[in-house]
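Colleague: I am new to this structure and would like to learn how to read its features one at a time. Could we look at it together?

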Amino acid sequence: MASETPCVPSSPTGEFADMDIAHIRRQISALDGYAYLNVAGAGPAPQVVQDEVMAWMEWHNQNLGRPGLPDRTHAMLHQARSSMARLLGCTADEVALTHNATEGILLTAWGRHWEAGDEVIITDQEHPANVVPWHNLAQRYGIRVRMVRIETETDPLLVIQPLLNDRTRMISISHISRETGRIMPIKRIARLARAHGVRLLVDGAQSLGAIPVDVVDLGCDYYVWCGHKRLLGPAGTGGIYFHPQALEDTLPSWVGWNAQAQWNGKNHAFLRRAKRFESGTHNYAVYAGLIRAIDWLEEVGLDAIWERNAMLDQLLVARLQQKPALCLKRPASEASGVVGFSSGDNNHKLCLWLREQERLVICPVGQAGIRVSVHFFNTQEEIEHLSLAIDRALDENAGVQYG
Ligand SMILES: Cc1ncc(COP(=O)(O)O)c(C=O)c1O
């Protein structure tokens, strides 16, 4: 199967060897006492991010009504768009701030005129955030939601392509599946979509910060993400990227004062940039925290982060593959940092047992069964610990009872 995302992003210097993991881990209090292998659920914010949120809250409150506050606040929010744009390879004007990934999907879903019979393609590996909005449109406007099933080794294009027809309006798909950890071949899907005049929305909640993302190179129309997973930022932050064409013709559905460029008492003109999709007052402090989180990741080094993430993923996959009782739910080489697998009908019990007996945090998830997710702050020791603990749990001869 053709793969477009490098499994192990190249880092000419092999920098991650120089990463001071012990120092990094000391800055993340959530790592105390537990092996935290659930960054796909929530990313633990380092202390500098927590401090920045508190400092902004304090500064803002102390300076209410003082000169300079609106300008500085405005500049900080612009900085938040710029920081995210830097990660995505686009401009700040193409990015709107959102409160989470779901809001980006909703902005897209409600950003066009739908007619009964219009079709949207999604996959069976999506978070409900990328399912529920489309079903809502089906109820409201009679659109048809077509869900493709992607087996572990299926090339997603082979199942998407046959569904395309003259009623298809949108493909909405995760970059990295939160269930299996599958990396979808977005660039190829984008080419296919464009050739059929279909819009492509990519849900990047699991990818931004985990693997390199370049929205221009990917060729998608919309890319959405949240700040509180791989970016290790505060909850309640996120964003959406609009391709220039999508920026031009997507309808703003929740228009508020942020959308306005001019108002003459009778008519108003919308901003041309993506900010027009932001409605009202933001929670300033959390965006300041997100800027700090991105700066912190860049200080650690994004290439090094991606490389270490891939290394840990491949170690984890190798260990899981050694256990015949487990069934891996994604191609082994797609090193996303998210690994879905099943242990049969005892997935929930196994996760619970591992947390309570071994202080290992992993997560039961959807159809895949169990999800382990790693990030650069995890260690090889944690993965070896998980591997041995799973062996203990599965080994009936050892007499370990779980559940
Ligand atoms: C792939 C994916 N999409 C969307 C979401 C929802 O994110 P949010 O709560 O930021 O809207 C998640 C959260 O787990 C996710 O994993």
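Modeller: Let us begin with burial: a residue is buried if 20 or more other C-beta atoms lie within 10 Å of its own, exposed if 12 or fewer, and partly exposed in between, with the C-beta atoms placed from the backbone. Please keep in mind that this is a predicted model, in which local features need pLDDT of at least 70 and side-chain atom pairs count only at pLDDT 80 or more, whereas totals for chains, interfaces and linings use all residues. Residues are numbered from 1 along each chain as its sequence is written.

Colleague: Which residues of helix 4 are buried?

Modeller: Helices (H or I, at least four residues) and strands (E, at least two) are DSSP runs, numbered from the N terminus. In helix 4, which comprises residues 101-109, nine of its nine residues are buried, namely A101, T102, E103, G104, I105, L106, L107, T108 and A109. To say what they touch we need contact, which holds between two residues if their C-beta atoms, placed from the backbone, lie within 7 Å. The buried residues of helix 4 pack against strand 2 (95-98), helix 5 (132-141), strand 6 (199-203), strand 7 (222-226) and strand 8 (238-242).

Colleague: How do I read the buried residues of helix 12?

Modeller: The general idea is that an α-helix has 3.6 residues a turn, so residues three or four places apart point the same way. In helix 12, the buried residues are L350, C351, W353 and L354. Seen down the axis of helix 12, these residues fall within an arc of 165° (the arc of the directions from the helix axis to the C-beta atoms), so they line one face of the helix. They pack against strand 13 (360-361), strand 14 (363-365), strand 15 (369-373) and helix 13 (380-394).

Colleague: What span should helix 12 have, and what follows the helix?

Modeller: The expected span of a helix is 1.5 Å times one less than its number of residues. For the 12 residues of helix 12 (residues 347-358) this gives 16 Å, which agrees with the 16 Å between its end C-alpha atoms. The helix is followed by R359, whose phi is positive, near 55°.

Colleague: Which residues of helix 13 are buried, and which are exposed on the face turned away from them?

Modeller: The buried residues of helix 13 are I383, L386, A389, I390 and A393. They cover an arc of only 125° around the axis, which puts them on the same side of helix 13. The face turned away from that buried side carries the exposed residues Q380, E381 and L388. As for partners, the buried residues of helix 13 pack against strand 1 (35-36), helix 11, helix 12, strand 13 and strand 15.

Colleague: Is R25 buried, exposed or partly exposed, and what does R25 contact?

Modeller: R25, whose place is in helix 1 (residues 21-26), has 17 C-beta neighbours inside 10 Å and therefore counts as partly exposed. Leaving aside its neighbours within four places in sequence, R25 is in contact with L31 and F377. The C-alpha atoms of R25 and F377 are separated by 6.2 Å, although these residues lie 352 residues apart along the chain.

Colleague: How is the chain divided into domains?

Modeller: Domain bounds come from an automatic or database domain assignment, and here they give domain 1 (15-46 + 301-398) and domain 2 (50-297). Between the two, 26 residues of domain 1 are in contact with 24 residues of domain 2.
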